[in-house]
Amino acid sequence: MNIIRTVTTLFLALSMVFAGGAGGDEIDDGYFAVIHGGAGERTYETYVYKTNVGYKYVNVTSTTVRWGSPEWEKKVNARGKASTREEIARIADKHGANSFVTYDERGDAINVSDFVEGPQFSDNYLVGFSYGGASWGEYYECISAGVIVCQNREALIFMPTRSERTNALETKQIATLTLTEEQYETIEKAVDREKLFMLDPDEDWEVCDGYSTYLTLYDAEDKPLKNCGGYMTRNQYVINTKRTILENFPVEELRRIHAEQIEKLRASE
């Protein structure tokens with residue numbers, strides 16, 4: 001009898017976990033995508049996480065606290081696991097989350113079918129990162145350089161080319177650096193784009209009271225796909241990857257280009 005009672009209790013506890021009864025209505029950090037559906041006063045979301053053997057999901061219903069209110073209440077409807085993205089999409093569809101998918105708060109919405117297919121990375125751009133930018137000093141010391149490491153061993157440097165009333169304008173490519181074969185191969189080995197893609201959505205970035213550490217992935221059309229990391233990120237994989245990139249990059253030349261462009265912007269004010 002005690003065994004039956006114990007088994008029954010365990011079954012009910014597990015049922016509550018996968019129905020959202022355990023853990024309350026909190027949505028765990030670490031999701032890499034959200035499938036959206038619904039409209040108006042009620043929407044449906046499926047948060048997607050990567051695991052070592054597949055995926056897990058959390059189905060959530062969001063409802064406004066009252067008609068026309070900008071405040072939302074979220075309720076977890078179910079938690080579970082799935083082997084493939086296709087299975088995740090089917091689960092989300094049954095939940096009502098079947099309209100579009102977002103990978104990143106700054107990224108564009110994509111079709112659910114594109115999510116099922118998985119990310120298509122650029123054949124030209126390996127990874128992007130920012131250099132400089134965070135400071136306790138004046139406005140110009142907060143301007144960073146954007147760098148794209150290309151798969152032909154070139155590094156494209158982007159910065160604003162004009163400033164007006166402390167607004168940086170017209171960001172353009174201002175220089176190109178060339179990596180040695182050894183430098184590029186070390187960077188390429190360190191940058192696992194699939195792993196970066198599965199990280200949390202990006203955090204705040206481009207700030208002046210701390211350091212932003214992020215890496216940018218690009219899609220098959222060479223457009224930004226996802227930013228990984230952000231303002232004072234604690235993700236060790238992002239930190240280690242960027243450190244390896246900088247250790248195998250002509251940083252002194254990049255520093256010179258960055259400083260010279262800052263002076264040009266000051267002079268154009």
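**Charged side chains in a predicted model**

A search of the whole structure finds 7 salt bridges.

User: What is a salt bridge, and which side chain meets Arg90 in one?

Analyst: The term denotes a side-chain nitrogen of Lys or Arg within 4 Å of a carboxyl oxygen of Asp or Glu. Here, Arg90 pairs with Glu86 at 3.8 Å, N to O. Both residues belong to helix 2, 4 residues apart, about one turn of the helix. Helices (H or I, at least four residues) and strands (E, at least two) are DSSP runs, numbered from the N terminus.

User: Is Arg90 buried or partly exposed?

Analyst: Buried means under 20% relative accessible area, exposed over 50%, and partly exposed in between (1.4 Å probe, protein chains only). Arg90 counts as partly exposed because its relative accessibility is 48%. Glu86, at 47%, is likewise partly exposed.

User: Where do Glu253 and Arg256 lie, and how many residues apart are they?

Analyst: They lie 3 residues apart in helix 7 (residues 251-268), so about one helical turn separates them. Salt bridges with shared partners join Glu253, Arg256 and Glu260 into one network. Between Glu253 and Arg256, the N to O distance is 2.3 Å. Glu253 has a relative accessible area of 30% and is therefore partly exposed.

User: Which residues form the negative surface patch?

Analyst: A patch is made of residues with over 30% relative accessible area and no salt bridge; like charges are joined within 9 Å, and nonpolar side chains (Val, Leu, Ile, Met, Phe, Trp, Tyr) within 5 Å. In this structure, Asp25, Glu26, Asp28 and Asp29 form a negative patch. Asp28 is located in the loop between helix 1 (2-18) and strand 1 (33-39). With a relative accessible area of 36%, Asp28 is partly exposed.

User: Which backbone oxygen does the side chain of His95 reach?

Analyst: The side chain of His95 reaches the backbone oxygen of Glu45 at 3.5 Å. His95 is placed in helix 2 (residues 85-95). Its relative accessibility is 15%, so His95 counts as buried.

Definitions and conventions. Residues are numbered from 1 along each chain as its sequence is written. This is a predicted model: local features need pLDDT of at least 70, side-chain atom pairs count only at pLDDT 80 or more; totals for chains, interfaces and linings use all residues. Side-chain values use heavy atoms; hydrogens and water are left out. Accessible areas come from the Shrake-Rupley method with a 1.4 Å probe; for residues, only the protein chains shown count as cover. Lys and Arg count as positive and Asp and Glu as negative; His and the chain ends are not counted. The place of a charge is taken as NZ of Lys, CZ of Arg, CG of Asp or CD of Glu. A polar contact is a pair of N or O atoms within 3.5 Å; within protein, one must be able to donate a hydrogen and the other to accept it, and residues adjacent in sequence count only if both atoms are side-chain atoms.
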